Amino acid sequence: MPAGDAFTPRQADQIRQALASARAETGLHFSVYIGPAEGDAREHATRLHASLGAEAPSAVLVLVEPERRRVEIVTGEIARRRVDDRAAGLASLSMATSFAGGDLAGGITNGVRMMAQSASRPRVLHEHDAG
Amino acid sequence: MLLATAGPALAIGERGDPGGHMSWVQTLLVFAGIPLATAAVIAFLVLLPSMVRGPRYRPGRPWTSGAVWFGGPAEAGGPVSAVSAEAAASVATIEGGGASARW
């Protein structure tokens, strides 16, 4: 699929690379959609996430809607255990900050990297039992 | 200041031959052609980086670049908007999470 004219070939490569390395690090499927959303952005993101089919449970979908300035992150059932809502929230805020500065590609690659990092961090078991 | 810059021109009379008359074509070339060419070169050099970089996203401007989906099912072929009905139906079964933000 051509990357449209939103990104230079180099930026598109950077995004693909970030997605590929995130997948290699975590085993989760990372997917980024940039464009207009039909209807509610959250619902559209959920539909896109569901259309990933068998990969959906372990998939993290990022929807970026530049026109309405929204970013939505949808995590599947398995993906959510690795990228919890707090990590997704941090990533979405970081992306929104970059987007506000006009840097779409940089925000996407950074946000994906953040989520991959939090997903590959080993879980601390009984973290709350110690105290 | 004016006299200082005009000095060399005034000095021509003393030194001798000011040269023949310029034809109106030469006059036009020297006094209109050269400045216009200089301005064009500068404008080109200024615009060159953004022409190479292509269109850039600016917050608040309408989005005209269409949709791109990295890592989507369309990566294997097929249009982006082809969200199947059965996929849409399974939305309710997802026990996922996520987050959203605005800018």
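Started with chain B, which reads α-α-β-α-β along the sequence. That makes three helices and two strands in chain B; helices (H or I, at least four residues) and strands (E, at least two) are DSSP runs, numbered from the N terminus.

Housekeeping: residues are numbered from 1 along each chain as its sequence is written, and chains are lettered from A and ligands numbered from 1 in the order in which they are written. The model is predicted, with local features needing pLDDT of at least 70 and side-chain atom pairs counting only at pLDDT 80 or more, while totals for chains, interfaces and linings use all residues.

**Burial in chain B.** I looked up how much of chain B is buried: 10% of its 103 residues. Buried is 20 or more other C-beta atoms within 10 Å of a residue's own, exposed is 12 or fewer, and partly exposed is in between, with C-beta atoms placed from the backbone.

**The contact.** Chain A puts in 50 residues and chain B puts in 36; contact is C-beta atoms, placed from the backbone, within 7 Å. On the chain B side, β1 (68–70), α3 (85–89) and β2 (97–102) each supply at least two residues. I noted that β2(B) gives the most to that side, with six residues. By type, that side of chain B splits into 19 nonpolar, eleven polar and six charged. Here Ala, Val, Leu, Ile, Met, Phe, Trp, Tyr, Cys and Pro are nonpolar, Asp, Glu, Lys and Arg are charged, and the others, Gly among them, are polar.

**The sheet.** Next I traced the strand order and got an open sheet of five strands, β1(B)-β1(A)-β2(A)-β3(A)-β2(B), with mixed pairing. Strands count as paired when DSSP finds at least two bridges between them. Both edges belong to chain B: β1 and β2 of that chain each pair on one side only. Neighbouring strands are turned by 10 degrees against each other on average, direction ignored.

Going across the sheet, β1(B) runs antiparallel to β1(A) (residues 29–34) over three bridges, and B:V68 sits opposite A:I34. β1(A) and β2(A) are parallel, with six bridges; A:V32 has A:V62 as its bridge partner there. The chain gets from β1(A) to β2(A) through helix α2 (residues 41–50) of chain A, and this β-α-β crossover is right-handed, meaning that with the strands pointing away from the viewer, the path from the first strand over the helix to the second runs clockwise. β2(A) (residues 59–65) and β3(A) (residues 70–75) are antiparallel over six bridges, and A:V62 faces A:I73 in β3(A). In their hairpin, with four residues between the strands, A:R69 has a positive phi near 55 degrees.

Is β2(A) enclosed or open? It is largely enclosed by the rest of the structure, because seven of its seven residues are buried. On one side these are A:A59, A:L61, A:L63 and A:E65, and on the other A:V60, A:V62 and A:V64. Helix α5(A) lies across β1 and β2 of chain A, at about 155 degrees to β2(A); axes are lines fitted to C-alpha atoms, for helices over the stretch in contact, and angles run from 0 to 180 degrees between N-to-C directions.

**Core.** The largest nonpolar core has 48 residues, with A:V32, A:V60, A:L61, A:L63 and A:M115 having the most contacts inside it. Such a core is a set of buried Ala, Val, Leu, Ile, Met, Phe, Trp, Tyr and Cys residues joined through C-beta atoms within 7 Å. I checked A:V32 too: its contacts, not counting residues up to four places away in sequence, include B:F70 and B:G71.

Technical notes: Two residues are in contact if their C-beta atoms, placed from the backbone, lie within 7 Å.
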